[in-house]
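Subject: Structure handover and findings

Dear colleague,

Please find below the structure I am handing over to you. The findings follow directly after it.

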Amino acid sequence: MRLVLAGFGVVGQSFAALLAHEEKELASRYGLVPRVVAIVDSSGSVVDERGLEIPRVLRSKKRNGFLHAPGAGERRTTAEIIAQTEADVMVETTPTNFRTGEPGLGHIRAAFTSKKSVITCNKGPLGIAFHALGELARHNAVQFRYSGAVGGGTPILDFGRTCSIGDEITKVTGILNGTCNFILTKMEQDHVSFQDALALAQEEGYAEKDPSLDINGFDSAVKLAIIANHLGLSRQTVRDVRVKGIAEVSPQEVDRAAAKGDAVRLVATADGEAGLSVSPVVMRRDDPLCVSGTYNAVKFHCRYSGPKVIVGKGAGGPETASSLLRDLIEIRGSMAGEMVS
């Protein structure tokens with residue numbers, strides 16, 4: 001199976017390394033022999049339709065910081081390389097753009113129109129154009145997989161779809177952002193201000209230098225939109241989500257909740273009647289949804305079988321790479337008409 005990788009940052013490199021490390025297992029267990037024929041990122045590109053030597057590319061990227069020497073090699077755009085390279089699947093891991101979905105949105109469209117299936121963990125295109133992309137994939141008779149877009153390596157979307165089989169999901173509530181959860185947990189446990197907890201999150205690598213997309217609730221909002229559309233609860237985009245972040249949560253609010261056995265968490269809710277919303281909520285400490293630290297948790301409210309909860313790490317290069325590989329194995333099984341076990 002020939003692959004094009006668009007994006008070669010932490011997740012893209014983790015995925016490539018995982019392919020190399022699991023080469024024998026993938027072939028023996030799943031009959032999957034992936035051959036990466038092109039890698040493109042903001043620093044350049046490397047293309048070899050006979051197959052790239054992944055360990056060598058990883059060493060070069062780590063040593064030099066770029067895929068190809070600036071000013072040398074390919075002059076084509078990423079979309080052109082995706083469209084013109086003979087491949088079966090394009091794996092899209094470029095940085096998320098919540099406003100326009102680009103460049104990932106253009107990359108995905110280029111792959112679909114050139115008859116390539118797509119695997120992505122990029123939330124932007126999904127939050128903005130979920131149904132349009134699904135229709136384009138169906139029109140071109142290719143597959144579209146995105147399990148890593150919500151929850152990293154934790155199979156939240158797959159679990160939700162499983163819960164809906166033979167049942168009806170009426171509501172989804174979730175803690176979808178590890179940065180916010182880390183901050184609120186620290187405010188509760190260490191009795192510090194929001195700013196002090198944010199500084200600690202940045203120091204420990206859990207928050208970006210510009211944390212606005214996390215703390216203002218936009219990251220949770222786009223993940224919520226993806227979940228709701230994936231499960232058929234809503235056709236709304238991220239622009240329709242009512243959002244309030246955690247920047248105004250005070251230590252006093254957190255302490256008052258803790259004194260009652262409660263906790264403040266940033267909760268995303270998809271309700272068929274009330275729509276989509278993200279806001280700080282006071283919840284019982286013993287609620288299975290009330291996780292601490294950087295963990296994510298999602299509760300699927302099922303009409304007949306009751307609530308189901310999934311908990312796991314929300315992000316990380318190796319964790320998200322595992323979801324990309326899971327999607328690739330699913331595509332391989334689908335192409336071969338097999339059930340993946």
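**Salt bridges**

Because Asp 219 and Lys 223 are four residues apart in helix 11, about one helical turn separates them. Helices (H or I, at least four residues) and strands (E, at least two) are DSSP runs, numbered from the N terminus. The model is a predicted one, in which local features need pLDDT of at least 70 and side-chain atom pairs count only at pLDDT 80 or more, while totals for chains, interfaces and linings use all residues. Residues are numbered from 1 along each chain as its sequence is written, and side-chain values use heavy atoms, with hydrogens and water left out.

Asp 219 and Lys 223 form a salt bridge, with 2.9 Å between the closest N and O atoms; the term denotes a side-chain nitrogen of Lys or Arg within 4 Å of a carboxyl oxygen of Asp or Glu. Both Asp 219 and Lys 223 are buried, where buried means under 20% relative accessible area, exposed over 50%, and partly exposed in between (1.4 Å probe, protein chains only). Together with Lys 123, these two residues are linked in a network of salt bridges.

Lys 123 belongs to helix 6 (residues 123–139) and counts as buried, at 14% relative accessibility. Apart from neighbours within four places in sequence, the contacts of Lys 123 (heavy atoms within 4.5 Å) include Thr 96, Phe 98, Ala 149, Val 222 and Ile 226, as well as Asp 219 and Lys 223.

By the rule above, the count comes to 14 salt bridges. One of them joins the side chains of Arg 326 and Asp 158, at 3.6 Å from N to O. Arg 326 lies in helix 13 and Asp 158 in helix 7 (residues 156–164), so this pair ties together parts that are 168 residues apart in sequence. Arg 326 is partly exposed, with a relative accessible area of 23%, and Asp 158 is also partly exposed, at 33%.

A further salt bridge is formed by Asp 287 and Lys 299, whose closest N and O atoms are 3.3 Å apart. Asp 287 sits in the loop between strand 10 (275–284) and strand 11 (295–302), and Lys 299 in strand 11, so the pair ties together parts 12 residues apart in sequence. Lys 299 is buried, with a relative accessible area of 13%.

Six strands form an open sheet of mixed pairing, in the order 3-2-1-4-5-6; two strands pair if DSSP finds at least two bridges between them. Its edge strands, strand 3 (44–47) and strand 6 (144–145), each pair on one side only.

Strand 1 (residues 2–6) and strand 2 (residues 35–41) are parallel, pairing over five bridges. Arg 2 has Arg 35 as its bridge partner in strand 2, and Leu 3 has Val 36. Strand 2 pairs with strand 3 in the antiparallel sense over four bridges, and a hairpin joins the two through two residues. Asp 41 has Gly 44 as its bridge partner in strand 3. Strand 2 is largely enclosed by the rest of the structure, because six of its seven residues are buried.

Helix 13 (residues 317–336) lies across strand 1, strand 4 (89–92), strand 5 (117–120) and strand 6, running at about 160 degrees to strand 5. Axes are lines fitted to C-alpha atoms, for helices over the stretch in contact, and angles run from 0 to 180 degrees between N-to-C directions.

Yours sincerely
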